[in-house]
Amino acid sequence: MATKPDSIYRSLDRKASAIIEFTLRQYRTKKSTWVVLGVGFTALSLIFLIYIDVMASEFESIDNDGDSTDFDNDGYPRGQELRLGTDPWDGDSHPGLFDPPIEPDPKSMYINEDGFDWDVTARVGLQSTGFDDDGDCQDANKTDSQKDTNDNGVACDIVIEYYRLSDGQLYATIDADDGVDEDPDEDAYSREAIHLAFVLSIGKLGFVLLLGIFLPLFLATGLIRDEMNSGTMHFMLAKPIARTEVFLYRTLGYLGIVWPYVIALGILGAIVSGFAGSGDSFFRFADLGVWLAIIFATMMATLVYGMLFNALGVLWKYGIILAIPFAAWELGMALLSMGAPDSTLLRFSIIGWALMIVDAAAMMVWPSLDVFILMGNWGGDGGANWDFEKSLEGAGPLGFFSSKPGLGLSAFPAVIVSSLVLLLQAAIFWFVGGALFKGKEIQ
Amino acid sequence: MSDVDNESIPQPTEFAAEAPVTGKVRLEAAWGSTEGDEDLTVTTNTAPKSDGQIFKQQYKPWNGELNPRWMRNWAILRHHLLGVFKKGHRPWGVPIRLYLLVVFVASLSDVGMTLVSGLIGDSGLHSVWGVSRDNLYAHVLGFFPRNMLYYPVVAALLVGGVISEDRQHGTSALYFSRPITRFDYVGMKFISVALIQAILILVTLALYYFAEIATMGRGWAWIIDTFPMFLATVFSALLLIFTYTSIGLSLSSVSKGKFFPGIALLSIILGTKVLAFIVSNLFDREILYLLSPYDCLAHVGQAIIGTQPTYDQYSWTWSLASLVAMNGVALYVLSTRVSSMEVTRE
Amino acid sequence: MIPDFDQQGKAQTKEWVPESTAPAILLENVSKSYGRIFALSNITLALNGGVTGVLGMNGAGKSTLFNLLMGKLKVSQGSVKLFGTDPWKNPAPYARVGFVPEHEKMYDWMTGHEFVSTFARLNGLTRDEAKVEADRVLDFVSLSDVAHKKIGQYSKGMRQRVKIAHALVNDPELIILDEPLQGCDPLARTTIMNVIRELGRMGRTVLVSSHILQEIERITEQIIILHQGRLLALGNLHSIRERLDKIPHRISIQTEDPKALAKNVIDIDEVFGISFPDGKNLSIQTHNLGAIHSRLPQIIVDNNHKVNTIDNPDDDLASILGYLTSGGGI
């Protein structure tokens with residue numbers, strides 16, 4: 001005989017692989033597994049299709065500064081009249097009366113004619129940026145003080161001042177000279193903003209939240225409990241194997257089906273958004289970093305929730321009743337993390353830590369994300385003032401779905417810290433679940 | 001004596017072979033030779049026949065009066081409903097009953113606040129909590145917490161085992177061995193689950209309305225003024241109960257497990273809601289709300305109660321049509337599953 | 001169907017050498033209670049080697065005893081030791097134990113071979129070793145021909161045998177079988193009994209439960225009788241039986257002519273008394289029930305008596321247990 005009594009713990013790997021393999025095969029024979037995975041795939045695919053459709057359509061161009069309009073009906077858009085020095089409000093004053101007469105410019109010349117030329121980083125202090133593409137600021141007819149309405153001594157620029165308030169967050173004021181970057185290209189901005197917001201929202205809500213909670217809820221709650229109910233647990237427990245081991249290996253078996261699924265869906269998402277996303281390049285390679293973080297965060301979430309729900313299943317025949325309020329709590333925490341990423345409550349959740357990984361990765365991969373959101377919020381109103389009602393399309397959702405990692409950490413340490421916390425949580429739930437299982441009498 | 005009779009005496013030859021050992025017969029008889037159906041009892045025919053025998057067949061038809069159908073169905077319904085309150089009827093499980101109680105009490109929050117505001121006479125508090133179009137809507141269709149934590153979870157817990165447990169334990173055979181059609185069986189399960197939800201939603205709604213009348217001393221003018229609004233709320237509550245129950249029961253009929261129907265109902269209600277929320281927020285398209293049972297209910301509810309609509313990209317009739325389609329599919333699945341259900345233990 | 005036990009195979013060719021001086025099973029003053037109900041009370045027992053039958057009615061505590069031994073339940077009082085180790089705290093002794101649970105539910109989606117080999121790996125075997133061992137034990141319980149069919153297609157007897165194979169795969173010193181013969185057809189019964197006898201012959205400690213004496217008797221002579229959680233009898237079946245022989249038995253026969261039958265029956269040596277409770281019944285008293293029952297049918301047929309029923313009014317379990325518990329007669 002190959003085994004001798006002294007070799008019980010000699011072959012942990014053999015036992016482990018046997019139970020993991022067994023669990024995987026057991027999942028494969030259950031119809032509900034395929035229904036759950038299929039529904040998850042269908043739901044995310046639906047969102048991907050809508051995303052592709054949105055990306056393929058044109059975003060309406062808006063004349064943010066209103067200079068394409070011909071207010072006085074003389075055939076000349078306001079911008080042309082201003083440039084040439086005629087009165088845009090007087091139908092009898094237009095460049096057609098010049099000698100030689102000047103033909104009216106097409107209106108499209110005055111739409112999206114002055115896009116963003118920002119080169120700033122999110123740091124405390126004053127920064128000067130911007131460039132007057134259409135020349136309405138650099139107009140020779142203007143005096144120097146007219147060109148420098150923000151009084152910083154530089155003609156035709158934008159002054160951005162970042163400052164930190166007592167809550168530790170960076171805030172910004174924007175003071176632009178008249179006519180600088182006042183009519184940005186909606187299509188370029190919104191396409192990019194909606195792409196970024198899509199990656200973040202589908203990553204945080206679709207992957208980490210929905211997949212992260214519902215896959216374990218369906219698949220992990222019965223890992224031990226179902227076997228205990230049906231009596232088949234007797235076969236496994238009659239072998240020289242500790243119950244905490246059984247608990248661990250069963251959970252690993254569950255991860256064996258969930259992790260490849262999450263990875264496959266994540267790759268699908270990366271491919272879809274990489275090809276369909278905005279930008280000139282054929283494929284958005286830079287986003288892969290964020291997708292990697294999304295996959296990783298979802299894997300961590302399914303690990304921790306799997307351990308937790310498995311333990312709840314061991315604890316009580318109606319473990320699901322404990323799991324459901326917990327899932328609702330996590331849903332609330334996910335929404336909280338969007339609004340208040342520094343909230344202390346988040347530290348008592350699982351999803352708060354998992355979302356921190358995504359936020360940190362977004363911060364690393366898209367370092368100018370904050371400035372980009374600022375741009376969109378500011379740029380919709382012709383550079384005049386702050387009006388969130390008029391912010392560029394996509395800036396709002398992007399601002400909602402993106403947040404800082406919290407804890408005042410920079411990106412990389414945030415990933416490390418949250419990963420460690422999640423692993424610790426998983427270990428705690430394993431320990432608790434194993435202890436519960438060990439103390440459980442099985443009929 | 002025929003050979004057949006000899007065989008029903010337990011193995012006399014074997015006893016003879018081990019002759020002097022005799023205490024065994026006592027033990028033998030005590031623990032039965034096999035399954036206890038072949039005791040040391042010999043029944044001989046008074047006239048043994050060498051050929052076969054055809055026994056005289058006697059049928060005695062039952063001439064009793066069968067109670068009317070509604071009475072049998074009422075028994076099933078009563079069995080399920082009373083199980084919530086006392087023992088000896090369908091066991092709903094302590095945690096489920098506990099959760100029902102918690103939801104019932106939590107659903108009374110607006111009743112309590114109305115009473116409090118009436119007692120201390122705080123009109124500011126009353127304007128927030130008193131009966132109004134928005135508050136009636138929120139009592140039934142508000143998302144947080146009622147349609148996130150209360151009603152879908154209650155529906156999930158109730159439908160969880162209501163059919164699948166019968167299948168698992170083999171107790172469905174107890175029903176079908178009686179003069180009860182499958183339609184009656186499922187119909188009564190449906191109504192009992194719906195009634196329990198109705199107790200939670202409609203009773204608290206009515207209490208809310210009466211609390212307002214009682215504490216604020218409302219007169220007939222007010223009642224006539226607000227009653228259509230109240231009726232519309234009741235109607236949307238009925239729609240909500242019906243929808244949750246039909247989706248849940250169809251899930252319960254397709255699955256063996258107890259957990260699956262419950263989680264599946266919750267994930268359908270909450271999952272579609274979250275997905276539709278993402279899409280509407282991100283892409284400004286509300287079309288996915290048509291797939292979300294809760295949002296369709298909320299949209300229809302807003303239309304008939306008359307609150308400020310939050311869905312504006314399509315008409316509420318689309319939501320209604322979607323609800324009809326959802327319920328149709330669910331009832332179709334339920335009816336086909338039940339009519340083809342084998343009455344076996346699974 | 002009966003396996004050829006002289007085939008080549010590790011289990012048969014190798015003599016078992018006990019590796020520890022601790023007895024396989026040691027129970028000391030073990031009680032197990034659920035609330036105020038005692039499922040087992042104050043059982044002290046040591047077993048090492050040989051086949052032992054555990055007899056008892058349903059609810060006598062057989063399954064509770066086995067679940068205690070298998071570490072599924074925690075003792076309320078006393079101590080349970082398998083090879084000197086408490087199984088509730090440490091699963092290590094199971095490396096030397098094989099367990100056949102009573103539960104009918106199995107993994108229907110696996111083949112018998114997969115089932116046995118997968119669970120063999122939980123004993124620490126590699127994948128390849130497990131396959132070889134699975135082949136061996138499936139052959140041992142004569143299931144080789146259906147080893148690669150799904151368990152869902154097995155008959156009840158096959159299921160029981162595949163459970164036994166799964167328990168034997170680690171070549172255990174102690175084998176615990178909970179109702180292994182329940183629901184089996186006679187052929188499967190014979191096979192399983194032969195397997196159990198063979199295990200006993202190989203020097204293993206085998207504990208097998210049943211509520212049917214006859215089955216146990218064909219396997220072993222050493223029995224334990226449990227009744228209402230208490231240990232009622234322990235030891236050799238013959239000696240217990242001899243004690244039982246001292247009590248008189250009654251046989252009640254309902255016939256059309258009791259007196260005529262009595263004349264024929266009185267000739268049997270073992271009969272020491274006859275009475276007529278009423279006109280239709282005859283009551284025979286004897287010390288040797290088996291002898292009467294072996295001869296009675298012949299007498300009835302030879303003399304053409306018209307007999308309606310033959311009954312042993314004293315042979316219900318209550319009177320047996322009453323005798324065993326009080327030590328007296330009926």
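Reply: Two residues are in contact if their C-beta atoms, placed from the backbone, lie within 7 Å. In chain C, residues 24 or more positions apart account for 67% of the contacts with a separation of 6 or more. In chain A the corresponding share is 71%. This is a predicted model, in which local features need pLDDT of at least 70 and side-chain atom pairs count only at pLDDT 80 or more, while totals for chains, interfaces and linings use all residues. Residues are numbered from 1 along each chain as its sequence is written, and chains are lettered from A and ligands numbered from 1 in the order in which they are written.

Me: Why is chain A called more spread out than a compact globule?
Reply: The radius of gyration is taken over C-alpha atoms, and the globule rule is 2.2 Å times the number of residues to the power 0.38. Chain A has 14 helices and 3 strands, where helices (H or I, at least four residues) and strands (E, at least two) are DSSP runs, numbered from the N terminus. For its 443 residues the rule gives 22 Å, but the radius of gyration of chain A is 29 Å, well over that value, so chain A is more spread out than a compact globule. Its C-alpha trace spans about 110 × 45 × 40 Å along the principal axes.

Me: What makes helix 14 of chain B mostly covered?
Reply: A residue is buried if 20 or more other C-beta atoms lie within 10 Å of its own, exposed if 12 or fewer, and partly exposed in between, with C-beta atoms placed from the backbone. In helix 14 of chain B, 22 of the 25 residues are buried.

Me: Which residues have the most contacts inside the largest nonpolar core?
Reply: A nonpolar core is a set of buried Ala, Val, Leu, Ile, Met, Phe, Trp, Tyr and Cys residues joined through C-beta atoms within 7 Å. The largest has 264 residues, and A:Ala297, A:Ala354, C:Ala165 and C:Ile176 have the most contacts inside it. Helix 5 (residues 186–219) of chain A gives the largest share, 21 residues.
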